[in-house]
Amino acid sequence: LTNTRTGPVLAHAGPAIPFVVITVLSSLSTYDANLTRAGASLGAGPVSVFFTVTLPLILPGIVSGALLAFAVSFDEVIV
């Protein structure tokens with residue numbers, strides 16, 4: 001954190017982090033872990049289960065968090 005460029009990065013990321021955490025956690029709270037077990041029981045590996053089962057189900061939360069973070073960061077462009 002001794003670099004002088006970390007200040008603006010933290011100024012943009014700091015206010016946006018709560019928006020990302022809330023949207024991603026809300027998406028994860030509705031995720032059913034039985035779907036992961038079902039994918040594994042059908043022979044898919046952990047990486048395959050993540051990309052074909054888990055990621056498509058939590059992707060709306062990730063995308064909305066990213067859009068909210070962009071909007072908040074865009075508002076802090078003056079900093």
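Q: Leaving aside neighbours within four places in sequence, which residues is valine 49 in contact with?
A: First, a heads-up: this is a predicted model, where local features need pLDDT of at least 70, side-chain atom pairs count only at pLDDT 80 or more, and totals for chains, interfaces and linings use all residues. Residues are numbered from 1 along each chain as its sequence is written, and side-chain values use heavy atoms, with hydrogens and water left out. Contact means heavy atoms within 4.5 Å. Once the neighbours within four places are set aside, valine 49 is in contact with Thr36, Gly39, Ala40, Ala44 and Thr54.

Q: Is valine 49 buried or exposed?
A: Valine 49 sits in helix 3; helices (H or I, at least four residues) and strands (E, at least two) are DSSP runs, numbered from the N terminus. Buried means under 20% relative accessible area, exposed over 50%, and partly exposed in between, using a 1.4 Å probe and protein chains only. Valine 49 has a relative accessible area of 4%, so it counts as buried.

Q: How many Å separate the C-alpha atoms of valine 49 and glycine 39?
A: Glycine 39 is one of the residues valine 49 is in contact with. The two are 10 residues apart along the chain, and their C-alpha atoms are separated by 5.8 Å.

Q: Is helix 2 roughly parallel or roughly antiparallel to helix 3?
A: These two pack at an angle of about 160°, with their axes 10 Å apart; axes are lines fitted to C-alpha atoms, for helices over the stretch in contact, and angles run from 0 to 180 degrees between N-to-C directions. Angles under 35 degrees count as roughly parallel, over 145 as roughly antiparallel, 65 to 115 as roughly perpendicular and the rest as oblique. That's why helix 2 and helix 3 come out as roughly antiparallel.

Q: How many charged residues does the contact of helix 2 with helix 3 have?
A: Helix 2 brings Leu35, Thr36, Gly39 and Ala40, while helix 3 brings Val49, Val53, Thr54 and Leu57. Ala, Val, Leu, Ile, Met, Phe, Trp, Tyr, Cys and Pro count as nonpolar, Asp, Glu, Lys and Arg as charged, and the others, Gly among them, as polar. Sorted that way, the contact has 5 nonpolar and 3 polar residues, and the number of charged ones is none.

Q: Leaving aside neighbours within four places in sequence, which residues does leucine 35 contact?
A: Leucine 35 is in helix 2. Its relative accessibility is 38%, so it counts as partly exposed. Apart from those neighbours within four places, leucine 35 is in contact with Val53 and Leu57.

Q: How far apart are the axes of helix 1 and helix 3?
A: On the helix 1 side, the residues that meet helix 3 include Phe19 and Val20, and on the helix 3 side they include Gly61 and Gly65. The two helices are therefore roughly antiparallel. They pack at an angle of about 160°, and their axes are apart by 8 Å.

Q: At which residue does helix 3 bend?
A: The bend at a residue is the angle between axes fitted to the seven residues ending there and the seven starting there. Helix 3 covers residues 46-75 and bends by about 55°, with proline 56 following within four residues of the bend, which is at leucine 55.

Q: Is glycine 43 buried or exposed?
A: Glycine 43 lies in the loop between helix 2 and helix 3. Its relative accessibility is 64%, so glycine 43 counts as exposed.
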